[in-house]
Amino acid sequence: MSKVQLPNTKLFINNEWVESVSGKKLKTFNPTNGKLICEVSEGAKEDVDIAVKAARNALENGPWGKMTAEDRGKLILKLADLIDQHREHLSDLETLDNGKPLTASSGFDITEAANCLRYFGGWADKIQGKTIPISSEFTSITKHEPIGVVALIVAWNFPMLLLSWKLGPALAAGCTIVAKPSEFTPLTALYFCELVKEAGFPPGVINIVNGVGDVVGDALSHHMDVDKISFTGSTRVGKLIMEAAAKSNLKPVTLELGGKSPNIIFDDCDLEFVTNASKYFVFANMGQLCCAATRFFVDEKIIDAFLTIFTEKIKQLKVGDPYDNNTHLGPLISKQQHDRVLGYIQKGKEEGATCHFGGEVHNHHADGAGYFVQPTIFTNVTDDMTICKEEIFGPVVVILPFKTVDEVIARANNTTYGLAAGIWTKDISLALNVSNKLKAGSVWVNDFNILKSQIPFGGFKQSGFGRDLSEYAIQSYLSVKAITIAHKTLHAQQQQ
């Protein structure tokens, strides 16, 4: 790979590149080798205040607030086209900063980011109110207005894609935005800002403030002039954001949080089909996926056959250089995450689970540089073990036998999370029955990780609330106003 051209590394506020008030810098590292990529401006509360003020002014006094919905849509569509045109550069930056295979960055993340904005660009002029029949004495209508200035706090596992998931509906609704990319992966968001300018968005509509969550995220969550927050990340941080929102101006919050997704495999399935599909989705993004299928429930009648075939499929996965088109798993995002995942693997062994495959550091470099972990399969796991209950966020899966349908439903739901679930069977009645009883925001039958702009995505329980994607996402960026008009004046004039 040739050297990737880096974006401007300052803050992007009011369509201008500016240094942070403090002048501090934040380092971003290449997870493939642990080396420094560059330093970016590190924002703080003062920078958030400036960005929020710019967003407020753009909403209330700038051309954005006066623009027709049709013209807003055209700008969003142009931005989607620019992402497509710059896909190669954005993909290179995403892989450099995040470590995911380039094939994934280009073939999924950046491509779907453009598709997402294109979808919501089409929605911009289709957001409509209603006429409500009351009586002949009144006319009552509803208007759907932008909720205001919104804060978007984005996780590091899908930096560009998650930003588009939140930007799309916010822009379609007519909101203005202050976004915080993850401190681990700011580079694609910063490059994206150049495309925002090129597309012709007015100043202040989209603002990017780099920084750490404890500072910039905290300032946005507590800010009295931010009207809504959308956050993707851990359940722990989601609770802090809810608390801050409640203690400040009671701003509404959308949270897409952690998961411990069950994947249920019934005995009538095609084992070759299931294991081949599982080979690719189970460790997608190195397992750093909130909806990852980390708990495989397999009918006890086929579990031995499943495990044999599945293990052979996993052995085929290549761990290594993310710029190699044959690589399936790159490094984990950071040393902190690397050590965390290895800690869970060790915990599983200590609690009596059998490490059936993997479970070690993958030494991609001779000197041990980079944050690589082997894809790992655990067997002889019980539901109360730590690796079966807690979100690991790495390439670790547990295989669990079950006997009956009722049993597996109860065990699948026995978690604090409820983001996603998978079902594999040829029996459509069984699939629908189990789907109806699973406590999860997304249930996929005979496939997994089907993430499309038209389909809502979000969780139950401590996986959060509200939805990204689809028309449902737009609703959370709107305020509904009811206007009721009495006909009394008209009637009085007619009587005269």
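## Exercises on a predicted model

Leaving out neighbours within four places in sequence, Leu-36 is in contact with Lys-27, Thr-28 and Phe-29. The model used in these exercises is a predicted one.

**Exercise 1. Find which strand holds Leu-36, and work out how exposed Leu-36 is.**

Step 1: Leu-36 belongs to strand β4, which covers residues 35–41.

Step 2: The relative accessible area of Leu-36 is 45%. Buried means under 20% and exposed means over 50%, so Leu-36 counts as partly exposed.

Step 3: Now try a pair that is separated in sequence. Leu-36 and Asp-97 lie 61 residues apart in sequence, and their C-alpha atoms are 10.0 Å apart in space.

**Exercise 2. Check whether the span of helix α5 agrees with its number of residues.**

Step 1: Helix α5 runs over residues 102–123, which makes 22 residues.

**Exercise 3. Describe how helices α1 and α8 pack.**

Step 1: Two packed helices are described by the angle between their axes and the distance between the axes.

Step 2: For α1 (residues 45–60) and α8 (residues 213–222), the angle is about 45 degrees and the axes are 9 Å apart.

Step 3: The two helices, α1 and α8, are therefore oblique to each other, and α1 passes α8 in a right-handed crossing.

Step 4: Lys-45, Val-48 and Val-52 of α1 make the contact with Val-215, Val-216, Ala-219 and Leu-220 of α8.

Conventions
Residues are numbered from 1 along each chain as its sequence is written. This is a predicted model: local features need pLDDT of at least 70, side-chain atom pairs count only at pLDDT 80 or more; totals for chains, interfaces and linings use all residues. Side-chain values use heavy atoms; hydrogens and water are left out. Helices (H or I, at least four residues) and strands (E, at least two) are DSSP runs, numbered from the N terminus. Buried means under 20% relative accessible area, exposed over 50%, partly exposed in between (1.4 Å probe, protein chains only). Contact means heavy atoms within 4.5 Å. The expected span of a helix is 1.5 Å times one less than its number of residues. Axes are lines fitted to C-alpha atoms, for helices over the stretch in contact, and angles run from 0 to 180 degrees between N-to-C directions. Angles under 35 degrees count as roughly parallel, over 145 as roughly antiparallel, 65 to 115 as roughly perpendicular and the rest as oblique. A crossing is left-handed if the near helix is turned anticlockwise from the far one by less than a right angle, and right-handed if clockwise.
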